[in-house]
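Colleague: I am new to this model. Please take one part of it and walk me through it closely, strand by strand.

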2 protein chains.
Amino acid sequence: MNERNRVVIIGGGFGGLWAAKALANKPVEVALIDRKNHHVFQPLLYQVATAVLSPGEIASPIRRILHHAKNIEVILGEAVDFDKENNAVRLDDGTEVPFDYLIVAAGARHAYFGRDEWETWAPGLKTLEDAVEIRRRVLLAFELAERKAALSGVQDELTFAVVGAGPTGVELAGAIAGIARQALNKDFKAIDTSKARVVLFEGSDRVLGTFASDLSESAKQQLEELGVEVRLNSFVTEIEPGKLKVGEEWFECDVVLWATGVAASPLGSRLGVETDRAGRVKVEPDLSIAGHPNIFVIGDMVHLLQENGEPVPGVSPAAMQMGSATSENILAEIKGRPRKNFVYVDKGSMATIGRSRAIAQVFGMKFRGFVAWLMWLFLHVVFLIGFRNRLFVLMGWFWAYLTRERSARLITGDANELRDALMFMEGEEAVKLLEKLAAKETSAGPKEPA
Amino acid sequence: MNERNRVVIIGGGFGGLWAAKALANKPVEVALIDRKNHHVFQPLLYQVATAVLSPGEIASPIRRILHHAKNIEVILGEAVDFDKENNAVRLDDGTEVPFDYLIVAAGARHAYFGRDEWETWAPGLKTLEDAVEIRRRVLLAFELAERKAALSGVQDELTFAVVGAGPTGVELAGAIAGIARQALNKDFKAIDTSKARVVLFEGSDRVLGTFASDLSESAKQQLEELGVEVRLNSFVTEIEPGKLKVGEEWFECDVVLWATGVAASPLGSRLGVETDRAGRVKVEPDLSIAGHPNIFVIGDMVHLLQENGEPVPGVSPAAMQMGSATSENILAEIKGRPRKNFVYVDKGSMATIGRSRAIAQVFGMKFRGFVAWLMWLFLHVVFLIGFRNRLFVLMGWFWAYLTRERSARLITGDANELRDALMFMEGEEAVKLLEKLAAKETSAGPKEPA
């Protein structure tokens, strides 16, 4: 029996998973290495962050997804470096994993324009942990406002700021406005949750800037119908606990969420080839790196220009296509056939804004509102990985649609969070204020938002 | 309009929630204070800990459960002390919440026999966070064994130890044995998960000691059929990372779970009345405390002898009965009627051991095996709070029963966990060992467990 080629895949996101699927039960030995044991269906992360879905509803254990593939071994571990000359990946505990072919698909995170300290005050949304943390902050803000109002009769203004009006920022802003106006309002008694402000800050002159400009305009209108304040040409230059700065103006906000900028996985820089400003690896037309045709980089980590001069976008369909194409190239080469250069096929794009609201451009046509939302819904449910998850998500949505209820609305975490949150959001003033209020020195009714 | 009496309830577990339900839309003003925003259906916590259910499937936001009660305000906060003379509860931020009647229902945790440092190595199971942490440890142990076996070909022995054979310990041991032998085995390729050892240590001479002795014997047999090693008369005297001591014998184990001992909430000691060794508050026959007839303590925090001289057991039916009875006494007193003393009604008890396995004693009869399990299943599903949760749990179980699959099998947490876990479980030796193994100095096949 011939020694079979060993393919190592780093990352179990869309790119890595699609690469693995294309190699399933083929004549190669595959090891997929990921820091987490689960694949996350990222397009629905914002629904976990806004308490519509539970983490388990949008994630599956990677080894469960690939359990039918007898030639694929899933390994929990973090790749930290490469030995390109000896064809090995180094894990964080020093283990070296040898390969004949390597596919690096470690993804990207949000970038903070060199101000990484902002992440503490303004978390981004890339992992399940991020989503749970955002859910915690959003729900906790309502809980604290309720507590204060219940004990003092005063309703403070409650402001949620979202920075960046790309797909994630638009989804988050729309969803928070949605739960504040509908799902939460019947459960909170001392405050009127629908008075919560949701402000979406965007540095450029339109939302969802990768779409046609009339769709951008429609998206902005749909956001405003949901109650979101959209501030264009508003580049955030400073973030501090409880506030952010645009130009010379400071905005007070209870929760800040970050949804802009791209920083590719730092693994890319360990490959020793040219990267762009976002840390994306410049690859050959077949997605391999210069001088090492057996090492490929795919997905959000890649900087590759298409024939039209535009870069391949950092979206999940591109990652999936790269994953499949790379695996097919490897299988072809093993059979002695030539590789093909990667060509990205743009099948259209869509962005959801809120319940019954979305925009889409597909087949050269444009859609907006309810029809676009139905298309988005259909596509995402069909794509969801794993039968059980698909069924449950559909049912969960159906139920949420009928009742506008939220079952995933749990705040989990440390018991000291409440105190920490108070300190964090408003400084020590908050505690003093609460004490003062509890002493009933104030007795005004609920305040109108400014 | 008369000033209505203000009832403050501390704790949103079974006791506090049932007290609140009995006061819903009655002529009192109620504030329910809890550190968490959600009620947890504790009898199913072990299913979250063993990746059968997701956290959202056994928990509901407390304000959701009570949203129909117009007179009940739910407040997120931690009660830390009482001002009994001025009838106020002090929260951790210094806020004082005034009351006319107070119901303290802050529950209990596991006790470590004065060795609180053991909790780090041997977590207990009382909260959703505990359950997620246990799930993480159990799944991580399998992942690490798989990783080592995949990279080296050597399968290490994998041992799960559960300390204490009360209901929680038996459920955990049975469920871990179950997933190791069924759900996980088709997904892990380098190791045979069914070879994992599950050892249940019990200090007394039988499992589930509150049941009739022949049912205890049946439970032990059912556990052994599932592959659990039951060690009776085995009192654990020492726990260190990766091992525990019984008598003079040390046992190596990858994961230790703690399921014995009771320590009532430390809030009980702030009431200034007598407590028992477990910190439970000694109450008057009507569940109020001596000298303060408007302050009640209920649930697992209470030490109260029944007429037969036995204490009321720390089980959820007792907590629910106490909650309802206390609220009824308060409502009666407001109407000028006398209070009634609390009488616990034992409606029987049951304990589940694993899929299709349980014991039950109800209506003076004893049941074991599949029939007892069906009874357990029916009762717990009916009791589950909230329509959506009930439906989903039923469907999830049905699906798991048909497919023996686990959808909740996610390890969430920090990316450094893997390293931490390695260090924790086997010390720095583990890293060296992995390095050595990776260098392929060993090439033996999978090892048989001893």
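Modeller: Strand 14 (residues 236-240) of chain B runs antiparallel to strand 15 (residues 243-246) of chain B, and four bridges join them. Strands here are DSSP runs of E with at least two residues, helices are runs of H or I with at least four, and both are numbered from the N terminus. Two strands pair if DSSP finds at least two bridges between them.

This is a predicted model: local features need pLDDT of at least 70, side-chain atom pairs count only at pLDDT 80 or more, and totals for chains, interfaces and linings use all residues. Residues are numbered from 1 along each chain as its sequence is written, while chains are lettered from A and ligands numbered from 1 in the order in which they are written.

Back to the hairpin. Val236(B) stands opposite Val246(B). Two residues lie between strands 14 and 15 of chain B, and Gly242(B) in the turn has a positive phi of about 80°.

Next comes strand 16 (residues 249-252) of chain B. Four bridges join strand 15 of chain B to strand 16, again antiparallel. Here Val246(B) has Glu249(B) as its bridge partner. This hairpin also has two residues between its strands, and Gly247(B) in the turn has a positive phi of about 60°.

Now the open sheet. Its four strands follow the order 13-12-11-17 in chain B, with parallel pairing. Strand 13 (228-231) and strand 17 (255-258) of chain B are at the edges with a single partner strand each, so one side of each has no neighbour in the sheet. Strand 12 (residues 197-201) of chain B pairs with strand 13 over four bridges. Among the residues paired there, Val199(B) has Glu229(B) as its bridge partner.
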